[in-house]
Each structure stands twice: as structure tokens, then as C-alpha cells.
Amino acid sequence: MKAAGKPPSGWPGTLWGGASPERLVSTLFRDATEGVLVVDAGGKVLAANHAAGAMLGMEAARLIGRTECEFLFRCPSRDECPLAAGTGGSPSRDRTFEHVIGDGKGTRAIFVSCHHLPPSLECQAAGMVLMRDISSQKATERALIELANRDPLTGLYNRRYFDAFLRDALGTGKPVSLLMIDVDMFKAYNDTHGHRQGDRALTAIARLLVGKTRLRDAVVRYGGEEFAIILPGTGSERACRVAEKLRRAVEAGGKVAADQRAEGGADIALPTISIGVSASRVGEKPDDLIERADRALYAAKGEGRNCVRAVA
């Protein structure tokens, strides 16, 4: 009988101390923060630790003997089940991927690593599935992406988001309309009331634009005093109606609280806006749609400002 603390053959570089290898491995398996499933060649669970049960929403003991991927991982098909992916075939089929598990408490993002066990073990176990909850990491990534796509002053989406959204919208093949918006006489407004007051005006206009458009629309600070709005699934006629509604909302938007030191407390009326409208053509590229909306905007500004013009 082997003395306690002596490592089994084939395990170089180990020092067990006073614990037996079996007890140590059992403790590591039980208390590991990663979820661990040991499965046979058919995908049936032979062993599961507490972390695996927590990630899958049930006690670890209830996982033993299960093979239904819909019950365990709620997969749409057996081919997409981590249990099936982690068993059978050659070691070259080992793989890692991200998986989303949903239940009554919400969804969790799980990083899954499926590995084959060597036949030399000569046991029923054929594969091992390791799972790590990366929900917090994913939430942080989403927050950083959102931050990178937002204009810090107005909170609107920025030019980076605009480019991707417009490209994707045109890629659907459905109608897309674009509104290019410019704040009228904004340099003079800044010169008169100061840049801080100009920032307040831009923020107030941004709120009005968001409040008068759909959630599916993309309201963007295009740059400086220019805004842009992408209207998916919208033709020219409706886009012009939306543009006129926005123009009127800003015109009637009231006043913005003034900088007390600069203006003595008197509120200041918002500047008006000019809007150019263009609707997509079949197979059109983003630059072409933008160019026509810009031409429409220049026409609006050239015809007295505070109006809507469209280019077919």
C-alpha cells in the first residue's frame, strides 16, 4: 500500500505534504470556483462540482446521469451542446467558446472549455467540461463599448457609432432615411452667450431630438453643432414629416437656463435648426446617402435656415 503523501507515478513535480492525493484532488474538485463536469463518451454526466451546479441553476447531485442538453444548457440542438462537443473523437476536437445560460433570474455568460480525456486512463470518463462565469466581465465590456460610442457632452451616440449603424441599416436592404441637422447661427450664439451656454443649448436640443424619435432610430452628435438621425425602415415622405416635427419641437423648445454669472440669471431662447433629408436607394453606399443629405442641408441653410429640405 502506498504511503500517504507519495504522488502517483506520472505526476512529476508534485509535493503532497500530509494529504493523500485522492483527498487533495477530491477537495480541489469539490471547492473549485470553476464549474467542472466529467462526462462519458455519450455525454452523460458522471461527476459535477458545486460551482457547475450553481452555474446551471441546480444542485450538483441532480446533474449526475443527465444527458439532455436542453435541460442542462438549454441548447437549441445537440450539436451545440457543450457535453456533445467535449466527448468522443480525437483530442483535436477540444474547443473553447462562450455560452449564454438563461433562467428565471436572468442570463449568465459562461466561458466553456471542453477537453477529451486520454484513452490511457482506461476508465468510463471520456471528457471534461470546464466552465467559468464571465457575466461581470461581459457587463464591463458592454459598458466600455457603450462609453466608446457616446458623445460625452450630450450623451448621444457619436460618429463611430453612426458609421457602423448606417452601414448595418443599409445592409438590410430595407428603406433607410437620413436627417442631417445643423444648429442655425451657432457661432454667433456662442459669441454672444459664451461657450458654456452653447453647450447647454446643444444638450437641450439633443434631449428634444431623442424625445421625438423612436427607440430604434439612431440620434447622433455628428460633430460640433451638427446632429444626424438615422431612421431605419423609413421612406422619404415619412422622414420629411419626422424632420418637420423635430424642427418645430426645437423652435418651440423654450429657453435654456443661463450661466448666472455671464447672463445675470435671464434664460436664453434655443437657436433654431435646419434639416436636410435623404432616403436610401437600392444598393446605395453610406457615403452617397450622406452626401445627398448634406446637399439637402445646405439647401435648407441657403433658403433662410429653420426649415427642412429633401434631396431625392
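Analyst: Phenylalanine 162 and tyrosine 222 are both buried, a term for a relative accessible area under 20%, whereas exposed is over 50% and partly exposed lies in between (1.4 Å probe, protein chains only). The model is predicted: local features require pLDDT of at least 70 and side-chain atom pairs pLDDT 80 or more, while totals for chains, interfaces and linings use all residues. Numbering starts from 1 along each chain as its sequence is written, and side-chain values use heavy atoms, without hydrogens or water.

User: Why is the pair of phenylalanine 162 and tyrosine 222 called edge-to-face?

Analyst: Rings of Phe, Tyr and Trp (its six-membered ring) pair if their centres lie within 6.5 Å; planes under 30 degrees apart are stacked, over 60 edge-to-face and the rest tilted. By this rule there are 4 aromatic pairs. For phenylalanine 162 and tyrosine 222 the centres are 5.1 Å apart and the planes at 80°, so the pair is edge-to-face. The pair links distant parts of the chain, 60 residues apart: phenylalanine 162 belongs to helix α7 (residues 159-171) and tyrosine 222 to strand β7 (residues 218-223). Helices (H or I, at least four residues) and strands (E, at least two) are DSSP runs, numbered from the N terminus.

User: How do you know that the charged end of arginine 150 sits over the ring of tyrosine 157?

Analyst: The criterion is NZ of Lys or CZ of Arg within 6 Å of the ring centre and within 35 degrees of the ring normal. The charged end of arginine 150 is 3.8 Å from the centre of the tyrosine 157 ring and is counted as sitting over it. Tyr157 also forms one aromatic cluster with Tyr161 and Phe165.

User: With which side chain does the side chain of lysine 138 make a polar contact?

Analyst: With that of glutamate 98, at 2.9 Å. The term requires N or O atoms within 3.5 Å; within protein, one must be able to donate a hydrogen and the other to accept it, and residues adjacent in sequence count only if both atoms are side-chain atoms.

User: How does the reach of helix α12 compare with the expected value?

Analyst: The expected span is 1.5 Å times one less than the number of residues. Helix α12 (residues 286-302) has 17 residues and reaches 24 Å from first to last C-alpha, close to the 24 Å expected. Its buried residues include Leu289, Ala293 and Leu297.
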